[in-house]
Each structure stands twice: as C-alpha cells, then as structure tokens.
Amino acid sequence: MKAGIVGLPNVGKSTLFNCLSNAKAQSANFPFCTIEPNIGVVNVPDPRLKKLESLVQPQRVVPATVEIVDIAGLVKGASKGEGLGNQFLGNIRETDAILHVLRCFDNDNVVHVDASVDPIRDKETIDMELQLKDLETVEKRLEKVGRSARTGNKEAQKEASALERLKKGLESGTSVRAIGFEEDDYREFVAPLQLITDKPVLYVCNVDEQAATTGNAYVDRVREAVAGEQAEVLVLAVATEADINELETFEERQLFLEDLGLDEPGSSKLIRSAYSLLNLQTYFTAGEKEVRAWTIPVGSSAPQAAGVIHTDFEKGFIRAEVISYDDYIRYGSEAKVREAGKMRVEGKEYIVQDGDVMHFRFNV
C-alpha cells in the first residue's frame, strides 16, 4: 500500500519527501530506507511500540511501515502528455492514496510556475488534469458498455447509467470521490475503473514557520474549498521540518519544536495521516525475541491478520488469543493479563481492532 506525493513544481514536494527520508525527523527508532530514488518505505511513528518495548524487553522492535512515492511535478496539459504528464499519471494511478502538496506561503525567492501564490488555483490545475484523465477512461468504458445497453442488456444499462453520472460529474469539474453513489453501484461499476480522482486525498498545506501551529488565510481558503470532498487537511511548515532534520541530537530537535509550540515533528503526523488515509491499522505481537507492529486493512478478520505473518497461519487458523493494548499496559505483562482474566480467545469471525496484541494458534 503506497501514498503518492503530488503537486505543481516548486511547491515543496521534494523537500517534504527528503524530510520523510531523514531518520532524525522522528527518532532513531524510526528509520527510513530508500528502495528507489523516488520511493521510500517510512516507518510509522507509534508511541505504543515504545511502551510495549519497555514492558517486554525484546531483542528487537519492528514498526509498521507505509510506502511514500515522490511523483514528478505536474503541469497544465499533463492529461494530454505535456511535461512528464503520461509518466506522472501512470505513477499516480499505481498509488492507493494521494498526498497533495499546496503552496500556502509567500516568498519572493521561491519561483511559482504561475508567477503568484494561489493554492486554490493550483489545486484546480491538478484536479482538472486528473479529472480529464479519468474522463478519458470513463468515456472509453461507456463506448464499450453503451453498445450492449442499446441491445436491451439490463446489466449494461445499469452500468451505462452509472458511467453517465461519472461523465457528467467529471465534465462539471467534480472529482469522483465527491460524486455520491449507492454502495452496490459503486462497488460494481465505479471501483473496478480505479479512477485517479476516486483515491482518498490528504491536502498538505505547506506554510512558513510563523503559520506552523495556527495556519493562515491560504489554509483557511483550502479548508473551505475541500469541505465537500471527504478529504483531510494537514498544515506543515516543510522548510522548518527540513531545518529540524539538520539538528544533530534528539534534545536539540525537541527544543526547536517547543520554541515553535509543536509537540512533535509535522512529518510524524503526516506519516500517521497517510497510514490512516490508506485505511490501515496496526496489531501487535509481543515476545522476548520481538515486539512487532503488523499492518492490516481496517475490518480484517483474525485469520486475515494471521495471514500477514504467514499464509500458513491463515490456512490453518484455529483461534487467536487477544489482549487489548490498554489491558496490556494496565497489567504490565501477558502473564498478569491472563491472571486477571482479560485475555480473550477469538475465532474466525473476530474483526481485529487497532492496537490488539495477538497470538495465533494454527495447524497445517
């Protein structure tokens, strides 16, 4: 599961990516490793891991991860192949969520491709290119389905109706995620198209240091503009985050953050937001050898969660022994949780909750 960083050129995308690529942005326990020049696997900062580590004293700790992709800057006409358009759109189609960086600061020394700062205009530029590409996909599908619909095929007629609604919405400048569909119609006709503007989006408002905690008028305009989009907005002073990364010690970084009125680096909040945007959650395994955070989609069953460790665990699943994270911390050890009768035995139907500490019984 991966999230792609998108935006116009010179809005702070690469600086943000570099912030995420620096282990000092969080702490030594949350490193970053580069797979390719523009793809990184970033560990998800999770204070629960530190608490479990202090109680269990394992040989190693393994955090959850999320993949971040730095996608080339987009320009007007990308949907027709301008600039790196086709490459950009191909890369973004492969991601599961979008981190859309918007410039929300004034600085005469940083050139803007459109010569002035206007995050709403910038957002609309990218939205339009993505919507045009989606419209192309919808029209191709509609042309194919339309032939069957005209012969009286009921299923084709239902799909054609959904596609016409998509077409009308996209032509009016509405992203797919903001076009309401009945759940069955969405699952059957919209989701299989894997449309770009259907992906969940987080708008990252890149502000200057003075606006890091409070935002500014640009941010207010962005919040107002995306109110109907089912999208999140995160305020981040990207250049300031880069300055924090340059400091050598954890203590120096904490002092810098305190001076700004921040309790943690914004990059940590961004990583957790991306994780949430991808509809992911964490469960833990805890033992002497390892305390580990495992990543699963929200709504996963116990066997599906077990399968993340090994497919044999899912195939031969018998039961799961489950301790809530709060109970584990309250009682201080697995043994004491057992004594208190707070360990639960769950079967195949159990839906795993975020933070569950689990042990699986299986037979292959």
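Here are my entries, topic by topic.

**Entry 1: the overall picture**
I noted at the start that this is a predicted model. I looked up the length and found 364 residues, of which 49% count as buried. The protein has 14 helices and 13 strands. Then I checked how far along the chain the contacts reach. Among contacts with a separation of 6 or more, 69% join residues 24 or more positions apart.

**Entry 2: the cores**
Which residues touch the most other members of the largest nonpolar core? I found Ile 68, Leu 99, Val 222 and Leu 270, in a core of 66 residues. I picked Leu 270 and listed its contacts, leaving aside neighbours within four places in sequence. They are Leu 16, Leu 20, Leu 99, Leu 202, Val 204, Leu 234 and Leu 236. Another core, of 18 residues, lies apart from the largest one. Its members include Leu 142, Leu 170, Val 176 and Phe 189.

I turned to strand E8, residues 232-236, and asked how many of its residues are buried. Strand E7, residues 201-206, pairs with E8 in the parallel sense, over 5 bridges. To get from E7 to E8, the chain passes through helix H7, residues 217-225. I noted this β-α-β crossover as right-handed.

**Entry 3: aromatic rings**
My search of the whole structure gave 4 aromatic pairs. I looked closely at Phe 284 and Tyr 325: their ring centres are 6.4 Å apart and their planes are at 40°, so I call the pair tilted. Where do the two residues sit? Phe 284 is in strand E9 (residues 280-286) and Tyr 325 is in helix H13 (residues 325-331), so the pair ties together parts that are 41 residues apart in sequence. Are they buried or exposed? Both Phe 284 and Tyr 325 are buried. I also found a cluster, in which ring pairs link Tyr 283, Phe 317 and Phe 360.

**Entry 4: charges over rings**
Tyr 325 came up again here. The charged end of Arg 48 sits over the ring of Tyr 325, 6.0 Å from its centre. I have a second case in my notes: Arg 165 lies over the face of Phe 181, at 4.9 Å from the ring centre.

**Entry 5: Lys 289**
I found Lys 289 in the loop between E9 and strand E10 (290-297). Why does Lys 289 count as exposed? Its relative accessibility is 64%, and exposed means over 50%, so Lys 289 qualifies. Beyond its neighbours within four places in sequence, Lys 289 is in contact with Pro 58, Gln 59 and Arg 60.

**Entry 6: positive phi angles**
I looked for residues other than glycine with a positive phi. Gln 57 has a phi of about 55°, and its place is in the loop between helix H2 (47-56) and strand E4 (60-62). Gln 57 counts as exposed, at 59% relative accessibility. Gln 194 has a positive phi near 50°. I found Gln 194 in the loop between helix H6 (183-190) and E7, and at 57% relative accessibility Gln 194 counts as exposed.

Note on methods: Residues numbered from 1 in each chain as written. Predicted model: local features only at pLDDT ≥ 70, side-chain atom pairs only at ≥ 80, totals over all residues. Heavy atoms only, no water. Core = buried A, V, L, I, M, F, W, Y, C linked by side-chain atoms within 4.5 Å. Buried < 20%, exposed > 50% of the residue type's maximum accessible area, 1.4 Å probe, protein only. Contact = heavy atoms within 4.5 Å. Helix = DSSP H or I, 4+ residues; strand = E, 2+ residues; numbered from the N terminus. Pairing = 2+ DSSP bridges. Right-handed = clockwise from strand over helix to strand, strands pointing away. Phe/Tyr/Trp six-rings, centres within 6.5 Å; stacked < 30°, edge-to-face > 60°. Lys NZ or Arg CZ within 6 Å of the ring centre and 35° of its normal.
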